[in-house]
Amino acid sequence: MTSVDSTPESTPESAPDFAPRPAPMPEVPRQVARTGSKPADAPARPPLDIRIAEAVVAFFARLSGRPRGTYQAALLRIGFGAVFLASLVREFLNRREIWGDESPWSNDMARRLLSGIDGFSVLLVRDDRWWFELMYVLAIAVTALFVLGWHTRAMSVLFCLMVVSFNSRSLLMTDGGDTVLTLMSFYLMFTACGRVWSLDARRLRRTGGSRSPGPGQEGGVFVALVAAVAVGLVLPWWLSLLGAALVLTGMWRLPRELEQLRAAVVAAAHHCALFVIAAQVCVVYAAAGMLKVQGETWQNGTALHYALNIEYFQPWPWLSDLADGGPVAATALAYLTVFSQVGFVFLVFAKRVKYVVIAIMVAMHMGIAVLLGLPAFSASMALGDLIFLPTAFLLYARSLGGRLVRSRARGGGGKPGTGAAAAEGAGRP
Amino acid sequence: MPAQDSPATEVAEAAELAEGAEGSPPPADAFDPEDPDARSPRVQMAAAAVSVLLIAGVAFHLLFVFLHVAPENQASLKYQEQTREWVYPVFEQNWHLFAPDPLNTNIRVNARVQYRAADGTVTTSPWADLTGDDVAHIRGNPFPSKADQNLLRRAWEFYDSSHDDDGSRTTDRADLAEEYLRRIVVKRMQAEGRADGIVAVQLRAVFAPIGAPDAVPSEPTTRELGWWETRPDDFR
């Protein structure tokens, strides 16, 4: 930027940091070329305040423009949906002991505990057995449809309602994995997590319809109305009414400017929610890491020995014995755990190092899943790490997964992989 | 969204757009509401205003999550009530699993019951190792059930956090914790068909230290709770 030096309004060296990033790139060669031919009227860079104002405008245009990170949001939708679905299916035979009429934590006890914290659960709306069974089936259906991305926004509301309801009904049955799931199910309601890798996306591709409200959206409006009414079961009725009113506006085509504003709000909420999700993951690691820093056993390297010898987290004692091998390895792993948790927030935004810290975290959680018998918890935590992966990586993993599935299908029965199989591979890169 | 800022993202998003365009050419009269450049200044201003509100909401939320999660400090003490109001019931969280230190003791909860026969004689059952049953179910199971892994473990934690070592109540939820443990014992007995005629239950916890690596762990210690009379509700 030598041309700038000749102008009287030259700005301090730190100024370019404030400039909107895409703007200066094409301007630089143009400026140099012009100063080369006509140095007299070299266009002055706009003053700092103008550039700051432009940067602010560009920031808001970006924030409320096209939703970015839609693949990351879709990954979370599929991942967290799959975790909850797996838990519901896995616990099907124990469902009454954990959330239902056979639970030692009775509905009345649950109500007493929840009344102190303003908690709620659709499972506590009625005490009848049929209500519980109906809600269980509905939870499975809602979660499956959420994973598939069928009318995703409405399903995300119902999904959150179900996750919160099941965890609140039996608060003392939950562990860290359920906490992550609850938080993420709430945040996901505000994301555009159905834009890609979803039935919604497929429908848009096939019919060529638009996402905008108006004629043709009756089906979606109906599903969303059901969700809005369901919310009224446990939350104040006026919220339900508000939701229903908002949903009903989808029946008519909105005026152009209102439609633009709607799209802007959707995008801004999506970006804010993704930011909160990323921040939440960092909070988890920072909190866990800072607590561990104070722990004596993490300092002297014996923490893993203790963790591996807790009976409740020891599905394979011989494997735990094997992993509890030697003072050097155990100390190294303890320090690696603490360092990567404390450092997560600083490393995960670095362009290249982030792959290292994400790999460490995912490996750590795979170890926890097997060694400590906590697959649901581990899957939830690992999913939180994966949102920091760039879109190109996710697309690559998806195509790789799709190719693997296809080649295996060909090897097995000679049938090319279906779209559904490829989409399934996409969930777990 | 720093995570999405890499140039690779832009390439991929271009690919996404291309993919969308390929599937269905948009109708001629369609406009793209997501295009920020097509918005009038009025819409841009409104969008920015909503964005500012959302950003404020995000900051507000993250602030309270921080106050809730961070170690107790003078700021979190000052806003304790507001933090509670905001965080419960959905955003409550604690990340104490294996932190600051993993448990150094295996706690086994045992229980025994008193039966009253029709002629009025009272008999006491031997101790049953409830935790032992859980552990037996967890062994060899790649996806242990919550009913085995969390139910009794967290019920004991709940009791322990609401009572002193001598069994006196320290919080207003102590009665819930006692009722929960009592009902767990009754339900376990019911599952084995041995619940008829139970009039009282007693629990004890056996603390078995894990011991340092390569050291012989010290002898387990036991804490017995008092006898609790059962109530008709416990059998439902």
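## Worked exercises on a two-chain model

Leaving aside residues up to four places away in sequence, Ile184(B) touches Pro104(A), Leu152(B) and Ala155(B); two residues are in contact if their C-beta atoms, placed from the backbone, lie within 7 Å. The model is predicted, so local features need pLDDT of at least 70 and side-chain atom pairs count only at pLDDT 80 or more, while totals for chains, interfaces and linings use all residues. Residues are numbered from 1 along each chain as its sequence is written, and chains are lettered from A and ligands numbered from 1 in the order in which they are written.

### Exercise 1: One residue in its setting

**Solution.** Begin with the element: Ile184(B) sits in helix α8 of chain B. Helices (H or I, at least four residues) and strands (E, at least two) are DSSP runs, numbered from the N terminus. The cut-offs are 20 or more other C-beta atoms within 10 Å for buried, 12 or fewer for exposed, and partly exposed in between, with C-beta atoms placed from the backbone. Finally, look along the sequence: Ile184(B) and Ala155(B) are 29 residues apart, yet their C-alpha atoms are 8.8 Å apart in space.

### Exercise 2: Two chains side by side

How many helices and strands are in chain B, and what share of its residues is buried?

**Solution.** Chain B has 8 helices and 5 strands. Read from the N terminus, its elements run α-α-α-α-β-β-β-α-α-α-α-β-β. Of its 236 residues, 25% are buried. For chain A, the corresponding entries are 20 helices and 0 strands, with 44% of 429 residues buried. Among contacts between residues at least 6 apart in sequence, 72% in chain A join residues at least 24 apart. In chain B, residues 24 or more positions apart account for 45% of the contacts with a separation of 6 or more.

### Exercise 3: Where the chains meet

Which helix of chain B gives the most to the side that touches chain A?

**Solution.** Take the totals to begin with: 79 residues of chain B are in contact with 89 residues of chain A. On the chain B side, α1 (7-23), α2 (41-69), α5, α6, α7 and α8 each supply at least two residues. With 15 residues, α2(B) gives the most. By class, this side of chain B has 48 nonpolar, 17 polar and 14 charged residues. Ala, Val, Leu, Ile, Met, Phe, Trp, Tyr, Cys and Pro count as nonpolar, Asp, Glu, Lys and Arg as charged, and the others, Gly among them, as polar.

Now zoom in on one helix pair. Helix α5 (residues 107-115) of chain A packs against α8(B) at about 155°, their axes being 11 Å apart. Axes are lines fitted to C-alpha atoms, for helices over the stretch in contact, and angles run from 0 to 180 degrees between N-to-C directions. That angle makes α5(A) roughly antiparallel to α8(B); the classes are under 35 degrees for roughly parallel, over 145 for roughly antiparallel, 65 to 115 for roughly perpendicular, and oblique for the rest. Met109(A), Arg112(A) and Leu113(A) of α5(A) form the contact with Leu176(B), Glu179(B) and Tyr180(B) of α8(B). The class count here is 4 nonpolar, no polar and 2 charged residues.

### Exercise 4: One side of a helix

Which residues of α5(B) are buried, and where do they lie around the axis?

**Solution.** In α5(B), residues 130-138, the buried ones are Leu130(B), Thr131(B), Asp134(B) and Val135(B). They lie on the same side of α5(B) because they cover an arc of only 135° around the axis, the arc being that of the directions from the helix axis to the C-beta atoms. Their packing partners in chain B are β1 (105-116), β3 (128-129), α6 (146-149), α7 (151-161) and α8 (174-191). Just past α5(B), Gly140(B) has a positive phi of about 75°.

### Exercise 5: Backbone exceptions

**Solution.** As background, most residues other than glycine have a negative phi, and most peptide bonds are trans.

- Tyr88(B) and Pro89(B) are joined by a cis bond with omega about 0°; Pro89(B) is in the loop between α4 (80-87) and β1 of chain B.
- Ala99(B) to Pro100(B) is cis, with omega near -5°, and Pro100(B) is found in the loop between α4 and β1 of chain B.
- Trp197(A) has a positive phi of about 50° and is buried, with 25 other C-beta atoms within 10 Å.
- Asp214(B) has phi near 65° and is exposed, with 7 other C-beta atoms within 10 Å.
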